[in-house]
Amino acid sequence: MASVYFPFRSKVPGHFWRAFSSLCSPSSLVGTGVSNGEACIGSQIDTIISRIREGSSDDEVSKSLGHDEVCNAIPMSQSLVNVVLHRFKDDWKSALGFFRWAGSRLGYKHAPESYDMMVDILGKLKQFEKMRALMEEMRQDNQVRLSTVAKAMRRLAGARDWEDAVRVFDDLGNFQLEKNTESMNLLLDTLCKERKVEQARAVFLELKSHISPNTHTFNIFIHGWCKANRVDEAEWTIQEMKGHGCHPCVISYSTIIQSYCRQSNFAKAYELLDDMQAQGCVPNVVTYTTIMCSLTQVERFEEALQIPERMRSLGCKPDTLFYNALIHTLGRAGQLREAVHVFEVEMPKSGVPPNTSTYNSMIAMYCHRSKEEKALNLLREIGNSTFCMPDIQTYYPVLKSCLKTGKIDNLSEFLDDMVNKHHLSLDFSAYTLLIHGLCRANKCEWAYNLFEEMVGKDITPRHKTCALLLGEVKQKNMHDAAERIEVFMKQMKTSE
């Protein structure tokens, strides 16, 4: 659904306004590691962007910047150019106009990375003639790299113009680049990622007589066939790579195992697991994590919980992601005590540090079982951690618990911590949770303030959320608020 313009000023509670504005003030740079030089570049970038009128052609943008004394006094640098190009990644006219102007400045020459960014922007927005023209300029200046060609091929293939993607590869010689295994793999990978595996196969059959494939070549095809849900061809590719003297690696087998797991065909996954071990290819922690997660998804918990022992018996050591998956599985299986043991005993003993996702799983598990105090202890722990930081998902179950238990004072404290201490912004799910929960708690004034804040950030609420809030503010005789919600709902309906 498109975002809807909300024709009135947001009335956010004062402590939230102070929190958000403090993030943008110069004093907020203190203690953040942002230097005065970086702040100065940020100001220069804002100045340049403010001078570019939306809807102008690339020529108009270039000319207007060229006649702007303030902009022409700003020294050019690669970092400044790349940041501005990133800001205009969805506006090729502004990006190209700025790029032309920056390139015309005395004493400055575009770096290859900046050229690549511009090629990518033009390709992403399907301005292929301009992309080709820019690549021709780059060719004359010997600036075309393999990364440039990769971006061009990817964008052409993404636009279903795979024949032109192949032509770019054919023209490598004109760019003083070699047709070799690396460049061939780039083309094949581009085609396979766009589900053009059969076309990639035809290209490979034509090229393999004078360009030798390697293990990565065949892994590209394995990924491609699996993505197209043609796992039999992926397994056949294992045999083909052996015929070319290439050895299947753990990635080769794990990709196919993952595909079988997606189909819940665990018998085939285990069969391939045994086969790779027989071939002397030892499964890694990613292989086992994939199988365990897939078993958990289909609620085969007992089988999933046998994976850690199978893994350890082969001397494969768990990592943070494996432990996260194990904790999640134990939680889904209702084994809270075992999950706590993994978190508090096994991980420290193995020297494996938790990350944000680890804390999120444990906090959610405690909240789900109404053990709020234990959840809050972990929230304080991650809040003071030096190696990972909370995110919005860390707070989500805690906010939900506060609303469920009616601890509204705690809710305000947590929201203040999120915004002031950890500089987190509420997302769609968090706003929806809070508005619905506050309405049920008879706090519709606060819910309405959050509604305005949500829409002010161009986050469009569901119709259900609007209808619930509208009913609550009408009961409270908040006539202005009701009228504004109704206006918004009408505009939302017309934009669908």
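**Salt bridges across the chain**

Arg-230 and Glu-198 form a salt bridge in which the closest N and O atoms are 2.8 Å apart. The structure shown is a predicted model. This pair links distant parts of the chain: Arg-230 sits in the loop between helix H13 (215–227) and helix H14 (231–243), whereas Glu-198 belongs to helix H12 (residues 197–207), 32 residues apart. Arg-230 is partly exposed, because its relative accessible area of 30% falls between the limits of 20% for buried and 50% for exposed.

Helix H12 also takes part in a second pair. The side chains of Arg-201 and Glu-240 meet in a salt bridge, at 3.0 Å from N to O. Since Arg-201 lies in helix H12 and Glu-240 in helix H14, the pair ties together parts that are 39 residues apart in sequence. Both Arg-201 and Glu-240 are buried.

Elsewhere, salt bridges that share partners join Glu-129, Arg-132, Asp-164 and Arg-167 into one network.

In the whole structure, a search finds 28 salt bridges. As to confidence, the protein chain averages a pLDDT of 89, and 92% of the residues score at least 70. Over residues 1–37, however, the pLDDT is below 50; this stretch has 57 contacts in the model beyond near neighbours in sequence.

Terms used: Residues are numbered from 1 along each chain as its sequence is written. This is a predicted model: local features need pLDDT of at least 70, side-chain atom pairs count only at pLDDT 80 or more; totals for chains, interfaces and linings use all residues. Side-chain values use heavy atoms; hydrogens and water are left out. pLDDT is the predictor's confidence in each residue, from 0 to 100. Contact means heavy atoms within 4.5 Å. A salt bridge is a side-chain nitrogen of Lys or Arg within 4 Å of a carboxyl oxygen of Asp or Glu. Helices (H or I, at least four residues) and strands (E, at least two) are DSSP runs, numbered from the N terminus. Buried means under 20% relative accessible area, exposed over 50%, partly exposed in between (1.4 Å probe, protein chains only).
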